[in-house]
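This briefing covers a single protein model. Please have the sequence and the structure open while reading.

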Amino acid sequence: MKKIIPTLLAVIIFLAAYAYYCYYEKTYEVPENETIYVWQLEKNKITHIDITHENQSIQLVRDGQSWNITQPIEFPADDFNVNTLLGRFNTLQATAFVEENSSHLSNYGVDSSKTSITFTDDEGNSNTLILGNEAPLSKGIYVYNKNNNSIYTISSRLLEDLSFDLDFFRDKILLSFKKEYIEKIKIENEGKTFEIQLKDDQWYSNDRTLDEASVRSLITVLNTRKISEFVKDNASEKDLEKYGLKNPRTSITIYLYDSDNSTLNLYLGNIEDTFTYASRDKKFIYKISSSSLLSNDLSVENFYIKNKE
């Protein structure tokens, strides 16, 4: 019996080593002077990106040089983050070729992966990549090219600073406009309303000249403020009331001289610590960093020219 146990252990070790070899060590490592691509796509021809991540489906659609989220919500996309994803995955270099027509997808974690990405070009051609497990010995990440039914490894550095969550792809700019196109700003705060209007390169309110630096500071805050956190999508009346946005304490409307004579709205609700709850359309609720220029006591007097003593 004592002689049998070592033999059984040796057999088990051999079988484990053989299985490891079959599934993990039969990869073709790419020599330094050779390049293997998972695929090569033309970045500028990609018009749609579909991402499935942790049971959530996200669709990104190109609009000229910009991108929009169309699923699961309609929202402007963060062009920098979308282009970062495109730049890393449109011409995707492999660190190793693993297997073609694999019948063991589960060994690489691509049969039930939480993340897949599909790139579709302007001719309707789609390419799908499924992200799998980490490869042993720090050899990268297993990926499955669904189009050619092949397994590769790619460098894990390609995933650094990338996320596949919805908020990662959402535009964080609160209000996007060109300062030079502003015609006037209407502010309703705590039941009082006033307008700031540009006439002959000077800012006025009811024909009273305003302090240009104060007005410019407000415009800069509105133009540069970023969304700190996405709080609620498709907000209900109950949600709006909870965050002080059903009857907001402050409403700001910016009128623009652009080609569409656009208007931009911003509603400000409750203040919590150093954050203010805000909305552009009472549909999406965000947190933004508070500012003295967006405070409870925002009034036209804040913009009057101060008399020098």
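The model is predicted, not experimental. The protein has 309 residues, of which 41% count as buried. Its secondary structure consists of four helices and 21 strands.

**Overall figures**

- About 17,600 Å² of the protein is accessible surface, and carbon and sulfur atoms account for 46% of that area.
- Taking contacts between residues at least 6 apart in sequence, 61% join residues at least 24 apart.

**Strand β13 and its two partners**

- Strand β13 covers residues 182-189 and runs antiparallel to strand β18, residues 250-256, with seven bridges joining the two.
- Within this pairing, E188 stands opposite S251 of β18.
- Strand β13 is also joined to strand β14, residues 192-199, by six bridges, and this pair runs antiparallel.
- N189 has K192 in β14 as its bridge partner.
- The hairpin of β13 and β14 has two residues between the strands, and in this hairpin E190 takes a positive phi near 50°.

**N145 in strand β11**

- Strand β11 spans residues 141-145 and contains N145.
- Is N145 buried or exposed? N145 has a relative accessible area of 3%, so this residue counts as buried.
- Apart from neighbours within four places in sequence, N145 is in contact with V38, W39, T128, L129, S150 and Y152.

**Nonpolar cores**

- In soluble globular proteins, nonpolar side chains tend to be buried together.
- Here the largest nonpolar core has 64 residues, and the members that touch the most others are I49, L60 and I196.
- Helix α3, residues 212-224, supplies the largest share of this core, namely five residues.
- Which residues does I49 contact, leaving aside its neighbours within four places in sequence? The contacts of I49 are I58, Q59, L60, W67, V82, L85, L86, I117, T118 and F119.

**Salt bridges**

- Side chains of opposite charge can pair when their charged atoms come close.
- The structure contains 11 salt bridges.
- One of them joins K45 to E42, with 3.8 Å between the closest N and O atoms. K45 is partly exposed at 32% relative accessibility, while E42 is exposed at 51%.
- The side chain of D207 meets that of K199 in a salt bridge with an N to O distance of 3.5 Å. D207 is exposed, with 63% relative accessibility, and K199 is partly exposed, with 36%.
- D167, R170 and D233 belong to one network, joined by salt bridges that share partners.
- In the salt bridge between D167 and R170, the N to O distance is 3.3 Å. D167 is partly exposed at a relative accessible area of 34%, whereas R170 is buried at 1% relative accessibility.
- Why does R170 count as buried? Buried means under 20% relative accessible area, and R170 has 1% relative accessibility, so R170 counts as buried.

Notes. Residues numbered from 1 in each chain as written. Predicted model: local features only at pLDDT ≥ 70, side-chain atom pairs only at ≥ 80, totals over all residues. Heavy atoms only, no water. Pairing = 2+ DSSP bridges. Buried < 20%, exposed > 50% of the residue type's maximum accessible area, 1.4 Å probe, protein only. Contact = heavy atoms within 4.5 Å. Areas by Shrake-Rupley, 256 points an atom, 1.4 Å probe, with all protein chains shown as cover. Core = buried A, V, L, I, M, F, W, Y, C linked by side-chain atoms within 4.5 Å. Salt bridge = Lys/Arg side-chain N within 4 Å of Asp/Glu carboxyl O.
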